[in-house]
Amino acid sequence: MNRILLPTIALLFNTFFANAQLTTINPTLLKKQWPANWISCPGISQREYGVYHFRKSFNLDKKPDNFIIHISADNRYRLWVNGSPVCSGPARGDLYNWFFETVDLSSYLQQGRNTIAVMVWNLAIYAPTAQASSRTGLIVQGDQSAQAVVNTDETWKVVRDEAYTVCALEDGSYHREVGAGDHVKGSVYPWNWQQVNYPDEKWLAATASYNGLTFGNGSGNMWILVPRTIPLMEERQQRIPLIRRAAGIANDADFLTGKKSLTIPANQKVSILMDQTFNTVAYPELITSNGKGALVKITYAEALKDTAEEKGNRNDIEGRTIMGTYDEYEPDGGHNRLFRPLWFRTYRYMQLDITTKDEPLVIEDLYGRYTGYPFEEKGSFSSNDTSLKKIWEVGWRTARLCAGETYFDCPYYEQLQYIGDTRIQALVSLYVAGDDRLMRKAINDFYNSRVPEGLTQSRYPSTELQIIPPFSLYWISMVYDYYMHRKDDIFIEKYLTGMAGVLDWYEKNIDRKKQMLGPMKWWNFADWNTAFDGGRPDGADDGNSSVITLQYAYTLQQAAILFSHFGKTTMAAHYSALANSLTAHTYQLCFNPVKNEMANTPDKNKFSQHAGIMAVLTGAIPATKIKTVMQQILYDTSLSQATFYYRFYLTQALKKAGMADVYYSQLKPWRDMLAIGLTTFAENPEPSRSDCHAWSSSPDYDFLATICGIMPGSAGFATVKIQPALGELTSVNGSMPHPLGNILVSLKRKNVNGIEGVVTLPAGLNGSFVWKNKTISLTSGIHTIEIN
């Protein structure tokens, strides 16, 4: 690759990803068998590890105005046209929903000879847990007859790339959930294979098998093709600003700017520790010249560790080393060679360990290409407490790093879409970005994950089955959240049968004598606190857990609203009655009136914040006692404590109890994380495995939904209810994206109990403003608020 062309290619890539739209598909292709075939490489084992290059060259009489294709592959692909990168995919799904991308190639094409080049890889047993697979394959289908020249068949050329093997399989470097590292031998790699004039005469003719089939068609296929429902992932260059440590070479960070190269002398060993200064997800891109026979190892980590493998302050490097997944690259001695791993890496710290042989190695450039779901930060929050700005920024970074083609629980260790994390992060997405597309995909993914018992899987897509029954309940809560925030009955109604299946499974597990849940199978996870064995609250496995019983009642209450909305009044009434019975009996059996606390079981020998939180949320606690109970939940440290994850539900309980003003004083866990150098919010209090976990990004929702008080006033966000809870704050400003436009609040305290400011609602939206015991009606437009 010519170094002069690199900025141009980067610009093309950025432009494509920024402007990518979901293009209209020829409806015939959604109803009938595709003329295009799935193709592969002859002579290979179709289900084993391999990396392959496919090419198709063709002539055009003129540059076309449009040239739409549909493309997919197993496991994954990266597409170039005439040497320029276009897109990657497919979006992760399962064999029942195998996504294809629709892209317009016209801007990349030219009069005369053109070449489409596609890199396809099958990671087989080394694939991430979220990666479904049938066998190695590629399919490209032109949208209309004019584009049929690119349809995949035996005229495509293919070669297996022997340069690739796996690495990072030992010493704790391999996390099976995210897959292995890449070892690339440059002397074997077919450099410039994407270019139009690359000689491919000795490449093999591809083997063709099944024609493409879309959802609902045909008598069977290896992949059921469905259109991609989310935009393409963002990619943009992200420079690494600092070298924190260098051994065997001078500490010179100039090469990281891209304006100067770095030469590693022959027969030298060097180590360079770089600091992005914040956690990120990116494709590292290393450009080298010369250095034949050298070995470059690139290691990635969220934090360094000491000799006891503790992280400590994330900014500290003294006495600490890097441990983590890595890639290896062997330069071939050529000029401006680009190494980029097949999948993105997560890191704050990146270390180069280089061993050269008889030829110096020149590092021409090194940077990351940040990637992720292309959320736009349309919401905003500020206040007189400027420290909240940092919590907002770090929360949003956490949410972004945990969102790709699915939501992730964490980007470093698992990259799996768990329902417990996803419910919280979907709300963050709605409130900060106003984008519901990934939420819709997640709801549908979990619907597709259901097992014969009726439960959803806890995480999906996933090639490993895991059942967490309480997460199935939170899936229903996700659907309820969507119902409250979006008017979309056609989308929601299809999930009622799945919801009924989950609720029926729970109903069959009721202990009829005590009217609480009895013993339950699978992993009944509630929270990673230190008192719950494996995250399971007392009684979850052997029966009569107040935490899980009340969560079931909480979900039944939401389900009753949904089923009633769709005219299923008998089922709605049943769910309401069942919820009332469960809450009444659980309160009677588990509430300690002396302590004013909910016990975890009827034995009343263990108590938790969790039991009290769910009791408040379900209305099990009488109104006359609710504030007293909340005080115990907040300040009795003998209760087993909610971690970052469950504090989302603690906040919901505060709002239910009319104590939302307390929220601001409950932000210490997030302040503590910032104090130890975290740049994303962690999975759990120290020592935390994951430094970036989706469920800990909840302040970016609550700053707008709780402090600013912006909430749906009715289903579909048809109206808005603004009930601010400033706590000790004296002023707040918030902007929240609504489907009709941004909702704006700018408020200041007036004396002790008053408030003043401005509220602006977009055209077509009405609602109310609530402060203390006074309510003001709102219509579209600007409103001056003044309450003494």
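Here are some questions and answers about sheets and aromatic rings in this structure.

Me: What kind of model is this, and how are residues numbered?
Reply: It's a predicted model, where local features need pLDDT of at least 70, side-chain atom pairs count only at pLDDT 80 or more, and totals for chains, interfaces and linings use all residues. Side-chain values use heavy atoms, with hydrogens and water left out, and residues are numbered from 1 along each chain as its sequence is written.

Me: Which residue in strand 34 stands opposite K721?
Reply: Now we're in an open sheet of four strands, in the order 29-30-34-35, with mixed pairing. Strand 30 (residues 719-722) and strand 34 (residues 766-771) pair in the parallel sense over four bridges. Opposite K721 stands S768.

Me: How do the rings of F491 and Y495 pair up?
Reply: Rings of Phe, Tyr and Trp (its six-membered ring) pair if their centres lie within 6.5 Å; planes under 30 degrees apart count as stacked, over 60 as edge-to-face and the rest as tilted. The whole structure has 45 aromatic pairs. For F491 and Y495, the centres are 5.0 Å apart and the planes at 70 degrees, so the pair is edge-to-face.

Me: Is Y649 buried or exposed?
Reply: Buried means under 20% relative accessible area and exposed over 50%, with partly exposed in between (1.4 Å probe, protein chains only). F648, whose ring pairs edge-to-face with that of Y649, has a relative accessible area of 2% and is buried. Y649 is at 0% relative accessibility, so the answer is buried.

Me: Which ring does the charged end of K297 sit over?
Reply: A charge sits over a ring if NZ of Lys or CZ of Arg is within 6 Å of the ring centre and within 35 degrees of the ring normal. The charged end of K297 is 4.2 Å from the centre of its ring, and that ring belongs to Y326.

Notes. Two strands pair if DSSP finds at least two bridges between them. Helices (H or I, at least four residues) and strands (E, at least two) are DSSP runs, numbered from the N terminus.
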